[in-house]
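Hi,

Here's the structure I said I'd pass along. Have a look at it first, and my notes follow below.

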Amino acid sequence: MALIEIENLEVTFDGGDRQVRALKGVSLSVEEEDSFGIVGESGSGKSTVLRALCGLAPVTAGRISIDGKPVPSPRDQAFYRRVQMVFQDPYASLHPRHTIDRVLSEPLAIHGFDHAEKRVEQALEDVGLGSGFRFRYPHQLSGGQRQRVAIARALILEPKIILLDEPTSALDASIQAEVLNLLDRLRADRGLTYVLVSHDLAVVSHMCDRLVVMQSGEVVEELTREELQAHDTTRTYTRNLLTASAGFTRSPARPR
Amino acid sequence: MNPLLSVENLRIAFPSRQGPVEVVRGVSFSLGRERLGIVGESGSGKSQTGRAILGLTPVTGTATADRLEFDGIDLRNASPRQWRKLRGARMSMVMQDPKFSLNPVMTIGKQLMEAVKLHGGKSEARDKSLAMLEAVQIRDPERVMAAFPHELSGGMGQRAMIAMMLVTEPDLLIADEPTSALDVTVQIEVLRILDRLVTERGMGLIFISHDLRLVSTFCDRVLVMYAGRVVEELDARRMDEASHPYTRGLLNCLPTITGDTRPLPVLARDDAWLE
């Protein structure tokens, strides 16, 4: 049985006189130790799937279960022990007036972990930052270093599932490679399950074994990495995404 | 033929507690009516170079150059009056994010027509603006004219801004990451619009971006900047022949859809590049 099962998930944001249906019945399943990608353009609802999964979006219908058990609402502590999230913008997701030490110790205190000091040092070591970074503030770090701290914060509770919402889109190309390598290594070492959201097909193809393509709140296609690499797709939308990712062409796009 | 723009030994410095810091250290290039790409990572000085050409260096910074000439006009000692005549009318700049660069309390139409009116052509301002919006492939220009920036999507806002910069038919357009905030599919559309305008109107275009692969498919020539210097100048069609280790590193560290190198090669920086 799949580790994460999502069935007919619907999310509706209520904006007074206007209702926005961000997800219109999304179903997907992620196997254990799998790396699963979600791609789509802005507004397609790809981030909303992640937010709904960890209880940050108003779910109006559908079922989410992990290990065959429906997730409680609101999510309990046990849920967050298993599932953690890394957000897109490392400049916005770390508290500007908390040191890295405090950022990393807080989840440990909430969940009652012992040996906090050792764990914080180990977590920094694991993401390739020395313990010298422990008492710095986020503004003293570069974008790539901050994203490493955000990854360390997600990993410090030893979760099994990591939700990654565009983890490298705010970073330079050279730094992106480092962060992607780090994520790859951590998954191999610890047997983690990733759900990765990105608008960059190359990143998803590099990181994920399976992926879904989303458009206006619905899953339009499910592909394996091999199918994506072979451009083996039936949907025009996916093909357009693939052509666009190849870069600019002088003449209008030709279907391949 | 004289180049449209020539820059020699451009230096930009900002004061800091440790004394002045040079963020652009001796950049030289010349531009004809072509597409020139400037590529580099954050902090490499690519945006500051673009801004200095328009005289938009922040007041705390100082820009000096041995030569900074646009169509025979020396820009180094241009008076505010001369700048007003040049900016907008003959050279203009598309900024990265339409959310921050458009006036939030003015309709698109009003902002567009303001640009036309300032540079002559009061009577046909409205027609010109509508035509320009059509030229950047906005399907419903009347609605967009009446809309406020927050009512438009990112792609539409960016197109409106490009329309605003081009409505005066400048000779030189500086585009600072004009497509970074957009989806890949919209990105290609916007580039196609820029490409057509460059070809049809014979504009010079400086395209500033961090995306080496995109720039190499779009521009004729590429300058690669690292720590305030141009480390390599390349013909965009001969990207594979890049010789500087930084350019090679940048090209290699990008994941590709078909490639399967694991781990990705990372960029090893060398202090010698700073010299």
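This is a predicted model: local features need pLDDT of at least 70, side-chain atom pairs count only at pLDDT 80 or more; totals for chains, interfaces and linings use all residues.

**Helix packing, the A–B contact and one glycine**

Residues are numbered from 1 along each chain as its sequence is written, with chains lettered from A and ligands numbered from 1 in the order written.

Helices here are DSSP runs of H or I, at least four residues, and strands are E, at least two, numbered from the N terminus. α4(B) spans 108-118 and α7(B) 154-166; they pack at about 20°, axes 8 Å apart (lines fitted to C-alpha atoms over the stretch in contact, angles 0 to 180 degrees between N-to-C directions). That makes the pair roughly parallel (under 35 degrees). Ile108(B), Gln111(B), Leu112(B) and Ala115(B) of α4(B) meet Ala160(B), Ala163(B) and Met164(B) of α7(B); contact means C-beta atoms, placed from the backbone, within 7 Å.

As for the two chains, 24 residues of chain A and 28 residues of chain B form the contact. On the chain A side, α6(A) gives the most, with seven residues.

Lastly, Gly204(B) sits in strand β9 (204-209) of chain B. Gly204(B) is buried, with 22 other C-beta atoms within 10 Å (20 or more counts as buried, 12 or fewer as exposed, in between as partly exposed).

Cheers

Conventions:
Angles under 35 degrees count as roughly parallel, over 145 as roughly antiparallel, 65 to 115 as roughly perpendicular and the rest as oblique.
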